[in-house]
Amino acid sequence: MPIARNKLARSIAPATVAAALILTTLGAAVPASAATPVGDSARTLPGTHPAWATPQADAGAADASAPATARIYLAGRDASGLAALAKAVSDPTSASYGQYLSADQVRARFGATPEQVKAVTDWVTGAGLTVSASTAHYVQVAGSTAAMAKAFGTGFRNYRTADGTHRAPASDAEVPAEVAGSVLAVSGLADAIHKNSSDATSVREAELHANASRLAAPDKKAPATLPEVPTCSEDGYGSKTAKGAPDGYEKNEPFAPCSYVPSQLRKAYGVSDAKVTGKGARVAIIDAYGLSTMEQDANHYSSLHGDQPFKPGQYTEYVTPDKWTHQDECGGPEGWAGEEALDVEMVHGLAPDAQVVYVGGNSCYDEDLYDAMAKVVDEHLADVVSNSWGEIMHGTTGDIDPAVVAADNQVFQLGAVTGIGFTFSSGDCGDSSPGAAATGANCQTETNQAQADWPSASPWVTSVGGTALQLDNKAGKYGSEVSMGDLRSVLSADQKSWSPFPGTFYFGGGGGVSKDFAQPWYQQGVVSDRIAKTAADGTKSATPLRATPDIAMSGDLVAATLVGYTDGGAYSEGGYGGTSVSAPETAAMFANAIQARGGRALGFANPALYDRAGTSAFHDVNDDTNHSKRGNVVDLGVVSGSLRVRLYKIGADYGLSANKGYDTATGLGSPGKNFFKSFTIKK
């Protein structure tokens with residue numbers, strides 16, 4: 001994610017049969033608290049002076065003539081009224097439930113006034129800045145560092161960091177009294193700190209399994225009693241044993257299941273039995289850039305696996321290649337292609353009649369992904385929005401930019417009042433602690449504490465965790481689930497043991513209690529105080545806090561999901577794992593629920609989900625109950641031309657586990673047998 005939305009997606013050498021899509025944060029992070037616009041006095045903007053800008057790191061005054069930019073997010077009218085209405089229209093117990101506003105009504109009631117825009121414009125131009133862009137949500141400004149200092153009442157200095165010298169405000173910025181009530185937050189005053197890919201400062205939740213069709217023949221053999229080609233269990237966990245492999249967690253370890261396809265997932269999660277297809281619903285998917293062959297790839301994938309391709313006009317995309325920026329930092333469209341294909345194919349696969357809209361941000365930076373979200377809301381392009389990206393909120397280089405939190409939450413609330421709900425993946429690094437990051441493949445290494453990721457931690461989105469799904473080997477229906485989490489060992493050089501054993505944490509669904517947000521109303525009475533009053537990092541709270549995730553679905557990398565797209569000129573397929581899989585699956589389930597509701601928008605789904613807590617609408621994922629069904633597995637695949645053998649212990653997340661009732665690994669659980677029935681509206 002300009003500060004970057006932690007998202008440089010690129011491939012790294014996989015430690016199993018895989019390559020992980022990694023996102024890098026280019027931003028300097030600052031405290032997450034954002035002041036609420038109030039009154040007519042000058043207002044300080046907490047966190048605009050970042051934590052890394054210390055007196056010890058001071059390298060002198062910044063060049064007054066150096067160019068600088070900033071984005072001023074507009075508060076609009078009646079911020080408290082917006083939050084109240086977002087709650088009312090989303091709460092099934094409210095008389096206003098489902099009484100959504102049109103986009104025009106929202107602009108008229110809550111949007112920035114012409115007077116507010118003029119006041120902000122007059123202020124910044126009076127300080128010598130120019131307005132480089134202006135929307136209904138913000139005013140973008142540019143000019144010299146001296147003009148920026150004049151506008152925001154603070155000097156700018158250079159500070160030494162591990163990534164070189166960077167500029168930042170010498171103290172928290174201020175906005176003058178005449179515009180204090182018009183400004184929500186300001187981003188971009190501090191230079192972005194570039195984190196190269198090896199730092200893995202943020203991770204997009206996806207891991208690509210090796211697939212024989214897209215890899216060269218292996219040049220190194222496994223033990224003679226093991227197959228000499230990538231091998232998986234066609235009929236689910238335990239259907240094929242890795243004979244000849246050393247004993248591990250079990251005497252005879254099974255091979256990992258073959259990657260699931262949408263028809264299997266539809267059957268497992270009750271979509272087929274409910275005879276829902278997402279008809280009448282619209283799902284938007286947001287990533288960076290865009291894959292030029294996406295529609296034809298999705299159609300080819302569907303045809304190969306027995307499903308219907310998109311009908312004419314069913315798939316729409318909004319991409320602006322002439323405006324793409326920061327491609328080197330973000331991995332370019334090729335770095336995001338796998339994620340986009342995964343998202344589109346999962347939504348279409350689980351809700352085959354839903355309209356699918358792809359909106360590509362012009363980069364992986366915060367501001368460009370924000371613009372994509374705002375476009376969906378402003379133009380009401382969808383009913384549900386799937387997002388498979390996130391970042392830590394607290395790290396060794398500082399905390400997340402409070403402007404990002406404030407601006408994103410405002411968009412989520414605007415979406416809620418118009419009947420649009422957002423799903424976000426919860427991450428692939430367990431509790432995102434330094435311990436998890438020490439060995440986890442998809443972790444942000446500068447984390448300094450256990451924590452819930454952003455935007456998953458927002459009280460205004462549906463946070464989606466992951467599970468390891470086991471199918472009933474005979475019927476192919478739902479068998480069981482455990483939390484998404486894997487310990488990994490590697491076959492030793494002498495092929496007689498696993499090293500290390502027991503394995504180390506490698507991959508796991510995200511979650512935890514966020515110390516940054518109070519408990520939202522819909523979690524009251526469902527999430528126990530035992531959970532909600534202790535933040536992920538151990539901080540105790542006198543009052544309950546926001547717990548994540550809210551719901552979970554299949555996403556574990558050893559029970560992967562097959563994805564296909566054109567890479568390097570040729571179409572190929574591979575298995576993906578991560579909550580990147582779970583989030584679009586969940587968005588598709590919401591589209592199916594909209595059909596079950598007779599086409600009525602579901603909107604912000606969390607209140608309705610928690611209203612169904614403890615019912616047959618959910619599978620209560622419980623690692624203790626399903627311990628005997630975990631199915632520790634051997635993964636036999638190709639890495640860099642060589643056959644590699646890995647052993648995984650599943651249901652072993654870092655710092656998180658699934659227990660009876662709500663838990664911070666799988667939330668309320670996964671969609672159960674009566675999930676759609678619970679949404680059906682009788683005529």
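User: What is the distance between the sulfur atoms of C429 and C443?

Analyst: The model is a predicted one. A pair of cysteine sulfur atoms counts as a disulfide within 2.5 Å. C429 and C443 form such a disulfide, and their sulfur atoms are apart by 2.0 Å.

User: Is the link of C429 and C443 right-handed or left-handed?

Analyst: The handedness goes with the angle about the S-S bond, which is 100 degrees for C429 and C443. That makes their link right-handed.

User: How many residues apart in sequence are the parts that C429 and C443 tie together?

Analyst: C429 lies in the loop between strand 19 (421-425) and helix 12 (434-439). C443 lies in the loop between helix 12 and strand 20 (462-471). The parts tied together are therefore apart in sequence by 14 residues.

User: Does C429 count as buried or exposed?

Analyst: Buried means under 20% relative accessible area. C429 has 6% relative accessibility, and C443, at 1%, counts as buried. C429 therefore counts as buried.

User: Is the disulfide of C330 and C364 left-handed or right-handed?

Analyst: The sulfur atoms of C330 and C364 are 2.0 Å apart, and the two residues form a disulfide. The torsion about their S-S bond is about -70 degrees, so the disulfide is left-handed.

User: Where does C364 lie?

Analyst: C330, its partner, lies in helix 8 (residues 327-330). The pair ties together parts that are 34 residues apart in sequence. C364 counts as buried at 0% relative accessibility, and its place is the loop between strand 15 (355-361) and helix 10.

User: Which residue does a disulfide join to C232?

Analyst: The S to S distance of this disulfide is 2.0 Å. With 85 degrees about the S-S bond, the link is right-handed. The residue joined to C232 is C258.

User: Does C232 count as buried or partly exposed?

Analyst: Under 20% relative accessible area is buried, over 50% is exposed, and partly exposed is in between. C258, at 18% relative accessibility, counts as buried. C232 has 25% relative accessibility and therefore counts as partly exposed.

User: Which pattern do the disulfides of the protein follow?

Analyst: The count comes to 3 disulfides. With the bonded cysteines counted along the chain, the pattern is 1-2, 3-4, 5-6.

User: Which residues does G395 touch, not counting residues up to four places away in sequence?

Analyst: G395 is in strand 17 (residues 394-395). At 7% relative accessibility, G395 counts as buried. P434 is 39 residues from G395 in sequence and 9.7 Å from it in space, C-alpha to C-alpha. The residues that G395 touches are E446, T447 and N448.

User: What is the order of strands in the open sheet of 4 strands?

Analyst: The pairing in this sheet is antiparallel. Strand 6 (130-134) and strand 11 (183-187) are the edge strands, as each pairs on one side only. The order is 6-7-5-11.

User: Which residue is the bridge partner of A68 in strand 7?

Analyst: Strand 5 (residues 67-74) pairs with strand 7 (residues 138-144) in the antiparallel sense, over 7 bridges. In strand 7, the partner of A68 is G143.

User: Which strands does helix 10 touch as it packs on the sheet?

Analyst: Helix 3 (residues 114-126) packs on the sheet, and its direction makes about 160 degrees with that of strand 5. For helix 10 (residues 366-378), the angle with strand 5 is about 30 degrees. The strands that helix 10 touches are strand 5, strand 7 and strand 11.

User: Which residues touch the most other members of the largest nonpolar core?

Analyst: This core has 132 residues. Its largest share, 10 residues, comes from helix 11 (residues 402-417). The residues that touch the most other members are I286, F422 and F675.

User: Which residues of helix 7 are buried?

Analyst: The buried residues of helix 7 pack against elements including helix 5 (262-268) and helix 9 (332-350). Just after helix 7, G306 takes a positive phi of about 80 degrees. In helix 7 (residues 294-304), the buried residues are M294, D297, A298, N299, Y301 and S302.

Technical notes
Residues numbered from 1 in each chain as written. Predicted model: local features only at pLDDT ≥ 70, side-chain atom pairs only at ≥ 80, totals over all residues. Heavy atoms only, no water. Pairing = 2+ DSSP bridges. Helix = DSSP H or I, 4+ residues; strand = E, 2+ residues; numbered from the N terminus. Contact = heavy atoms within 4.5 Å. Axes fitted to C-alpha atoms, helices over the stretch in contact; angles between N-to-C directions. Buried < 20%, exposed > 50% of the residue type's maximum accessible area, 1.4 Å probe, protein only. Core = buried A, V, L, I, M, F, W, Y, C linked by side-chain atoms within 4.5 Å.
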